[in-house]
Amino acid sequence: MGYALAGLLAGLTTTVVGLGGGLMLLLALGAMAGPQAALAWTAPALLVGNVHRVWMYRSQLDRKITWALVRGALPGSLLGAVLAVGAPPMLLQLGMLAMTGVMLAQRAGWLRWRPGTRLITPASFANGAICATTGGAGALTAPLLLAAGLSGEAWIATQSAGAVAMHAGRLAGYGVGGLVSAEGLGVSAGLAAALVVGNALGGRIRTFIPARGRSGLELAAVLVCVGMALFGVVTATKPAPTAAQALPTAPNTSHVVGQVQSAAPDQAAIRSAEVHSCVQTRPLRLPLWQRSACPASWVVADQPPNR
């Protein structure tokens with residue numbers, strides 16, 4: 001339920017404000033499941049969400065600027081994703097905090113960067129690498145789109161098209177690094193559905209909000225991201241749950257057998273007949289939910305022992 005709500009708010013935020021939703025989703029999942037799991041789960045979900053957003057505003061898409069963004073963002077995000085796989089979690093959390101600081105500095109007017117249109121492709125390469133490790137693609141893409149003279153729906157459509165390339169590249173990189181799993185893709189599917197619903201709601205709400213009101217919402221989104229990033233850094237000192245532990249667990253109807261500390265053989269036989277047995281096996285072959293329930297090298301057998 002928490003993942004779905006985070007996806008819904010992320011889609012709504014990006015569609016209404018134009019940025020911040022993806023980073024907000026990444027920070028929320030990072031607090032719940034750790035930064036590596038959050039990066040891997042958000043990649044396919046945000047890919048679907050941005051494809052949907054491009055479709056919504058396809059008539060406003062600037063194809064020339066889009067191609068310039070894609071040429072840099074795709075290889076940059078692929079490289080950044082490969083590097084993120086082996087990065088320490090605290091380093092990733094600090095990177096996310098730094099990105100929220102960049103967003104706040106831009107919004108406050110402390111950081112003003114207006115690149116020329118010839119720099120869009122190389123800047124997109126760097127943007128893709130940063131997005132794959134810390135998120136915050138919208139904040140770094142914004143100066144590029146301003147330099148191209150885009151605004152409004154054209155901004156949203158073109159920014160989303162560049163984000164499609166970024167998320168496709170980082171998804172491929174996470175896959176190469178082993179962060180993508182079948183269970184994680186199940187979480188991503190739920191997030192993607194929530195993002196699409198959030199996009200649709202945001203598209204309707206956006207028409208009723210004047211430009212000045214959207215500016216205030218942009219500041220609010222940035223401040224929320226800063227707060228979430230600070231919370232992530234503070235809690236990063238605690239042991240973060242693994243991706244397997246953060247996934248919804250299947251009902252476990254079996255029981256783990258403890259060692260029977262009894263001198264009487266007949267009592268041990270009675271005890272073992274009442275519960276299922278554990279057999280030693282290779283733990284990597286176990287489903288994730290069984291790995292989190294049993295000791296490291298034990299698995300619950302399906303059948304009770306022979307009497």
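Which residues have the most contacts inside the largest nonpolar core? They are Tyr3, Leu25, Leu29, Trp41, Tyr174 and Leu191, in a core of 37 residues. This is a predicted model, in which local features need pLDDT of at least 70, side-chain atom pairs count only at pLDDT 80 or more, and totals for chains, interfaces and linings use all residues. Residues are numbered from 1 along each chain as its sequence is written, and side-chain values use heavy atoms, with hydrogens and water left out.

**Overall make-up**

- The chain has 13 helices and two strands; these are DSSP runs numbered from the N terminus, with helices being H or I of at least four residues and strands E of at least two.
- Of the 307 residues in the chain, 44% are buried. Buried means under 20% relative accessible area, exposed means over 50%, and partly exposed lies in between, with a 1.4 Å probe and protein chains only.
- Among contacts between residues at least 6 apart in sequence, 81% join residues at least 24 apart; a contact means heavy atoms within 4.5 Å.

**Nonpolar cores**

- A nonpolar core is a set of buried Ala, Val, Leu, Ile, Met, Phe, Trp, Tyr and Cys residues joined through side-chain atoms within 4.5 Å.
- The largest core, with 37 residues, takes two or more residues from each of helix 1 (2-17), helix 2 (21-33), helix 3 (35-56), helix 4 (63-85), helix 5 (89-108), helix 9 (182-206) and helix 10 (211-235).
- Another core, of 17 residues, lies apart from the largest one and has Ile120, Leu145, Ala154 and Ile156 among its members.
- Leaving aside residues up to four places away in sequence, Leu25 touches Ala6, Gly7, Ala10, Thr42, Leu46, Leu191 and Leu195.

- Helix 1 has 16 residues and reaches 22 Å from its first C-alpha to its last, close to the 22 Å expected at 1.5 Å a residue. The expected span is 1.5 Å times one less than the number of residues.
- The buried residues of helix 1 include Tyr3, Ala6, Gly7, Ala10 and Gly11, as well as Thr13, Thr14, Thr15, Val16 and Val17.
- Gly18 follows helix 1 and has a positive phi, near 105 degrees.
- Helix 2, with 13 residues, reaches 18 Å between its first and last C-alpha, close to the 18 Å expected.
- Ten of the 13 residues of helix 2 are buried, so that the helix is mostly covered. Among them are Gly21, Leu23, Met24, Leu25, Leu29 and Ala33.

**Helix 9 and Ala194**

- The 25 residues of helix 9 should span 36 Å at 1.5 Å a residue, and its end C-alpha atoms are 35 Å apart, which agrees.
- Buried residues of helix 9 include Gly184, Val187, Leu191, Ala194, Leu195, Asn199 and Arg206. What covers the buried residues of this helix includes helix 1, helix 2, helix 3, helix 8 and helix 10.
- Ala194 is placed in helix 9 and counts as buried because its relative accessibility is 9%.
- Ala194 touches Ala4, Gly7 and Leu8, not counting residues up to four places away in sequence. The C-alpha atoms of Ala194 and Leu8 are separated by 4.7 Å, although the two are 186 residues apart along the chain.

**Partly exposed alanines**

- Ala108, in helix 5, is partly exposed because its relative accessible area is 40%. Its C-alpha atom is 8.7 Å from that of Leu219, which lies 111 residues apart from Ala108 along the chain.
- Ala220, in helix 10, counts as partly exposed, with 37% relative accessibility. Ala220 and Gly20 are 9.8 Å apart, C-alpha to C-alpha, and 200 residues apart in sequence.

**Cavities**

- A search of the whole structure finds three cavities of 30 Å³ or more. On a 1 Å grid over the protein atoms alone, a cavity is a set of points where a 1.4 Å probe fits but cannot get out, and lining residues have an atom within 4 Å of a point. Grid points are joined across faces, edges and corners, and a volume is the space filled by probe spheres set on the points.
- The second largest cavity has a volume of about 50 Å³. Eleven residues line this cavity, and Asn127, Thr141, Gly162, Ala163 and Met166 lie nearest its centre.
- Helix 4, helix 6 (120-134), helix 7 (137-147) and helix 8 (152-177) each supply at least two residues of that lining, and helix 8 gives the largest share, four residues.

Definitions and conventions. On a 1 Å grid over the protein atoms alone, a cavity is a set of points where a 1.4 Å probe fits but cannot get out, and a pocket is an open set with protein on both sides within 12 Å along at least five of seven lines; lining residues have an atom within 4 Å of a point.
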